[in-house]
Amino acid sequence: MRIVLLGAPGSGKGTQSKLLVEKYKIHQISTGDLLRQAVATGTELGKRAKATMNAGQLVSDEIVLGIIQERLSHPDAKSGFILDGFPRNIPQAQALDAMLARMGQPLQLALLVDVDSEVLMKRLTGRRNCGSCGAIYNIYFSPPKTAGKCEKCGGVLQHRSDDNEETVRKRLTVYQQQTAPLVSYYKAQGKLRTARGVGAIGAIFKNVTDIIEAQIRPLAAVMGQIEQASAARAKAAKAAKAAKTAKPAAKPAAKPAAKKPVPKKAAPKKANKAAPKKAKKAAPKKAGKPVKKAKAKKTK
Ligand SMILES: [Zn+2]
């Protein structure tokens, strides 16, 4: 299955993506990870990406798409992929569609994990991390028994500076501006499905897999049937061909026997055609010889 995952920061799409990878044995393709990998391994595209980043510029869509294409060309991507973090705008979505079409692997589903912005605000601004053991809390949804204190180790809970309300609101606004057009884009293609990203993780995942089963599995089943039917037809045609060719193969003597009469028949024809011309125009004696020979052979 080939899926693009859409969802705001804090929507929990990362968690859902991990669960999908486990359940369907497909790969999550994160452009951030791919870029870091390409730069680290020093591939051609990685070198270009590094040069761009060193110059303080954004890596171009062309490079990102090239890296994604390289990744999707790996045999292990055959079973499918989940794209997370790409595309982020319409030109990227169009370029991605064009690339996947060339590869014969069009997207099947754009899955939006939808969460109200006020819930997102609380999820992101309410996060608290234990400075000692790393345990994660949320002052709105999963608060510690004692405010500011880790239940597990008694450590002090910390509030990340980029989790403050103003920064989070900016991030969500940017996300909305980027994603809203993508939602329309995939909706127009009939590929958009929305899963409510609120409630227990297991319940959200059930919703997500129900959508996938409904959207992708029937299509996969139909495609499987079509492939099976065409394979069966090809097999039947091959068997019929084999049955025809099997007859001369069973009687090896028949082939040489069939070939011999052909030059015999052809030779007299040529001789007959050539002979009368020559005979009429010039040398009846010479022309007569092959005719006689041909006749003699025929009688034998
Ligand atoms: Zn702790």
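**Exercise 1. The arginine 169 pair**

Task: Arginine 169 is partly exposed, with a relative accessible area of 39%. Which residue forms a salt bridge with arginine 169, and where does the pair sit?

Solution. This is a predicted model.
- Step 1: find the partner. Glutamate 165 forms a salt bridge with arginine 169, and the closest N and O atoms are 3.4 Å apart.
- Step 2: apply the cut-off. A salt bridge needs a side-chain nitrogen of Lys or Arg within 4 Å of a carboxyl oxygen of Asp or Glu.
- Step 3: Glutamate 165 counts as partly exposed because its relative accessibility is 48%.

**Exercise 2. Salt bridges across the chain**

Task: How many salt bridges does the structure hold? Describe the pairs of arginine 48 and arginine 196.

Solution. 
- Step 1: count. The structure has 8 salt bridges.
- Step 2: take arginine 48. Its salt-bridge partner is glutamate 62, with 3.3 Å between the closest N and O atoms. This pair links distant parts of the chain: arginine 48 lies in helix H3 (residues 44–54) and glutamate 62 in helix H4 (residues 61–73), 14 residues apart.
- Step 3: Arginine 48 is partly exposed at 36% relative accessibility. Glutamate 62 is exposed, at 53%.
- Step 4: take arginine 196. Its side chain meets that of aspartate 116 in a salt bridge (3.6 Å, N to O).
- Step 5: read the accessibilities. Arginine 196 has a relative accessible area of 41% and is partly exposed. Aspartate 116, at 42%, is also partly exposed.

**Exercise 3. The zinc site**

Task: Which protein atoms are the donors of the zinc ion, and what arrangement do the donor atoms make?

Solution. 
- Step 1: list the donors. They are the SG atoms of Cys130, Cys133, Cys150 and Cys153, lying 2.3 Å from the zinc ion.
- Step 2: use the angles. The 4 donor atoms subtend angles of 99 to 114 degrees around the zinc ion, so the arrangement is tetrahedral. The test for four donors is that all angles lie between 85 and 135 degrees.
- Step 3: read the spacing. Along the chain the donors follow C-x2-C-x16-C-x2-C.
- Step 4: Cysteine 130 is in strand E5 (residues 127–130), and cysteine 150 is in the loop between E6 and E7. They are 20 residues apart and link distant parts of the chain.
- Step 5: check burial. Cysteine 130 and cysteine 150 are both buried.

**Exercise 4. A surface patch**

Task: Which residues form a nonpolar patch on the surface, and where is tyrosine 140 found?

Solution. 
- Step 1: name the members. Ile139, Tyr140 and Phe141 form the patch, with about 300 Å² of accessible area together.
- Step 2: locate tyrosine 140. It lies in the loop between strand E6 (136–138) and strand E7 (157–158).
- Step 3: classify tyrosine 140. Its relative accessibility is 41%, so tyrosine 140 counts as partly exposed.

**Exercise 5. Backbone exceptions**

Task: Is the peptide bond from phenylalanine 86 to proline 87 cis or trans? Is the phi of lysine 25 positive or negative?

Solution. 
- Step 1: Most residues other than glycine have a negative phi, and most peptide bonds are trans.
- Step 2: inspect proline 87. The bond from phenylalanine 86 is cis, with omega near 0 degrees. Proline 87 sits in the loop between strand E3 (81–84) and helix H5 (90–102).
- Step 3: inspect lysine 25. Its phi is positive, near 55 degrees. The residue lies in the loop between helix H1 (13–24) and strand E2 (27–30). Lysine 25 is exposed, with a relative accessible area of 62%.

**Exercise 6. A buried threonine**

Task: Is threonine 209 buried or exposed, and which residues does threonine 209 touch?

Solution. 
- Step 1: locate threonine 209. It is in helix H8 (residues 201–215).
- Step 2: classify threonine 209. Its relative accessibility is 7%, so it counts as buried.
- Step 3: list the contacts. Leaving out residues up to four places away in sequence, threonine 209 touches Leu20, Lys23 and Tyr24.

Key
Residues are numbered from 1 along each chain as its sequence is written. This is a predicted model: local features need pLDDT of at least 70, side-chain atom pairs count only at pLDDT 80 or more; totals for chains, interfaces and linings use all residues. Side-chain values use heavy atoms; hydrogens and water are left out. Patches are made of residues with over 30% relative accessible area and no salt bridge: like charges are joined within 9 Å, nonpolar side chains (Val, Leu, Ile, Met, Phe, Trp, Tyr) within 5 Å. Accessible areas come from the Shrake-Rupley method with a 1.4 Å probe; for residues, only the protein chains shown count as cover. Helices (H or I, at least four residues) and strands (E, at least two) are DSSP runs, numbered from the N terminus. Buried means under 20% relative accessible area, exposed over 50%, partly exposed in between (1.4 Å probe, protein chains only). Contact means heavy atoms within 4.5 Å. Donors are N, O and S atoms within 2.8 Å of the metal (3.2 Å for Na, K and Ca); water is not among the atoms, so sites may look incomplete. Four donors count as tetrahedral if all angles lie between 85 and 135 degrees; four count as square planar and six as octahedral if opposite donors are over 155 degrees apart and all others between 65 and 115; anything else is irregular.
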